[in-house]
Amino acid sequence: MTLSARTASKRTREICALAPIIPVLVIEDADTARCLAEALVAGGLPALEVTLRTPAALEAIRVMSKVAGGHVGAGTLITPEDVRAAKAAGATFGVSPGATDALIAACEEEELPLLPGAATASEAMRLLERGYDMLKFFPAEASGGAAAVKAIGAPLPQIMFCPTGGVSPANARTYLDLPNVLCAGGSWVAPNDKVMSGDWSGIEAWAREAAKLGDVQ
């Protein structure tokens, strides 16, 4: 049994709608994973992206997937092997910087909802043609920022985006105010110094501030 593209996009839309910011996490020590997830979820950011950039990532996903109220995804999915490992570790969704046929097929086979990356109109159109209408816009700032997302939205209003890459407290609102942006990915809510020092209350406070970015002005 496989997961259809339309069902995958529906599920990723639901996850992206949970909070205005999806923390993008690079975890060096899996022993910090549970407390980190609990702090972020308590702060109002339940959708978490753990990037597969460190040896601790898969174990971190295993630990974080057991935290009540959290939705843990695996980021930086590049290969079908990444997809299978992420699903086995307990990831409930995947995120990729781009999209290939092999990667998409693996996600559908493993029934792992995918938030695929796109940075141009052509990339977005190819994914839309395949049935994906909830996309990651990456790298956001390097690809033109909020102005680029807005421009792509004019001819492709049926696509929603999660801009990631260079998003910060200073510019997040500019993205989130766009009608074709559902949420944004950001790493600032879990800075490495706070994680390594175990400042979970500080991270929860940062998460609460990030969650407020979704409030109507």
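**Strand β1 and what lies around it**

Reply: Let's start with a pair of helices you'll meet along the way: α2 and α3 cross in a right-handed way. Keep in mind that this is a predicted model. The axes of α2 (residues 33-42) and α3 (residues 57-64) come within 8 Å and cross at roughly 55°, which makes α2 oblique to α3. On the α2 side, the contact is made by A33, R34 and A37, and on the α3 side by A60, V63 and M64.

Now for the strand itself. β1 covers residues 21-25, and five of its five residues are buried, so β1 is largely enclosed by the rest of the structure. Look at where the side chains go: I21, P23 and L25 point one way, while I22 and V24 point the other way, and all of them are buried.

What does β1 pair with? One partner is β9 (residues 184-186), which runs parallel to β1 and is joined to it by three bridges. In that pairing, I22 stands opposite G185. Another partner is β2 (residues 47-51), also parallel to β1, with two bridges joining them. Here V24 stands opposite E49 of β2. To get from β1 to β2, the chain passes through α2, and this β-α-β crossover is right-handed. And that brings us back to α2, the helix whose A33, R34 and A37 touch α3.

Conventions
Residues numbered from 1 in each chain as written. Predicted model: local features only at pLDDT ≥ 70, side-chain atom pairs only at ≥ 80, totals over all residues. Heavy atoms only, no water. Buried < 20%, exposed > 50% of the residue type's maximum accessible area, 1.4 Å probe, protein only. Helix = DSSP H or I, 4+ residues; strand = E, 2+ residues; numbered from the N terminus. Pairing = 2+ DSSP bridges. Right-handed = clockwise from strand over helix to strand, strands pointing away. Axes fitted to C-alpha atoms, helices over the stretch in contact; angles between N-to-C directions. Parallel < 35°, antiparallel > 145°, perpendicular 65-115°, else oblique. Left-handed = near helix turned anticlockwise from the far one by under 90°. Contact = heavy atoms within 4.5 Å.
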